[in-house]
Amino acid sequence: VKLAEALYKALVAEAKNPANKGKIIVEVELSNKALMIMVLADTLTHLRAVVNSFLYLVKVVLDSTIIAR
């Protein structure tokens, strides 16, 4: 649960201020069983870029929790 909350906090901050405002919409939701990331983009290129960015953020959070242990 703590890991999901850490991921949620990192991702929701980025979702509120995306790099390409108006071209992409990102919503992040946390339930008791899942972290859901929903992405809408005006082009395939923007979609790929935002998905890569969010996956990289997930990796950074996961890596930092491994280092903290």
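Is Glu-29 buried, exposed or partly exposed? Glu-29 counts as partly exposed, because its relative accessibility is 38%, a value between the 20% limit for buried residues and the 50% limit for exposed ones. The legends below describe a predicted model.

**Figure 1. Overall arrangement of the predicted model.** Two helices and two strands make up the secondary structure of the protein, and their order along the sequence is α-β-β-α. The C-alpha trace extends over about 40 × 25 × 15 Å along its principal axes. Of contacts between residues at least 6 apart in sequence, 43% connect residues at least 24 apart.

**Figure 2. The largest nonpolar core.** Ten residues are shown: Leu-7, Leu-11, Ala-15, Ile-24, Val-26, Val-28, Val-50, Phe-54, Val-58 and Val-61. At least two residues of this core come from each of α1 (2-16), β1 (24-30) and α2 (44-68). Helix α2 provides the largest share, with four residues. In soluble globular proteins, nonpolar side chains tend to be buried together.

Figure 3. With residues up to four places away in sequence set aside, Ile-24 touches Pro-18, Leu-40, Ala-41, His-46 and Val-50.

**Figure 4. His-46 in helix α2.** His-46 counts as buried because its relative accessibility is 19%, and the limit for this class is under 20%. Apart from residues up to four places away in sequence, the contacts of His-46 are with Asn-20, Lys-23, Ile-24 and Ala-41.

**Figure 5. Glu-29 in strand β1.** Beyond its neighbours within four places in sequence, Glu-29 is in contact with Tyr-8, Ala-34, Leu-35, Met-36 and Met-38. Val-12 is 17 residues from Glu-29 in sequence, and the C-alpha atoms of the two residues are 8.2 Å apart.

**Figure 6. Surface and charged side chains of the protein.** The protein exposes about 5,200 Å², of which carbon and sulfur atoms supply 61%. Buried residues account for 19% of the 69 residues. The side chains include 9 positive and 6 negative ones. A distance of 5 Å separates the centres of these two sets.

How values were computed. Residues are numbered from 1 along each chain as its sequence is written. This is a predicted model: local features need pLDDT of at least 70, side-chain atom pairs count only at pLDDT 80 or more; totals for chains, interfaces and linings use all residues. Side-chain values use heavy atoms; hydrogens and water are left out. A nonpolar core is a set of buried Ala, Val, Leu, Ile, Met, Phe, Trp, Tyr and Cys residues joined through side-chain atoms within 4.5 Å. Buried means under 20% relative accessible area, exposed over 50%, partly exposed in between (1.4 Å probe, protein chains only). Contact means heavy atoms within 4.5 Å. Accessible areas come from the Shrake-Rupley method with a 1.4 Å probe; for residues, only the protein chains shown count as cover. Lys and Arg count as positive and Asp and Glu as negative; His and the chain ends are not counted. The place of a charge is taken as NZ of Lys, CZ of Arg, CG of Asp or CD of Glu.
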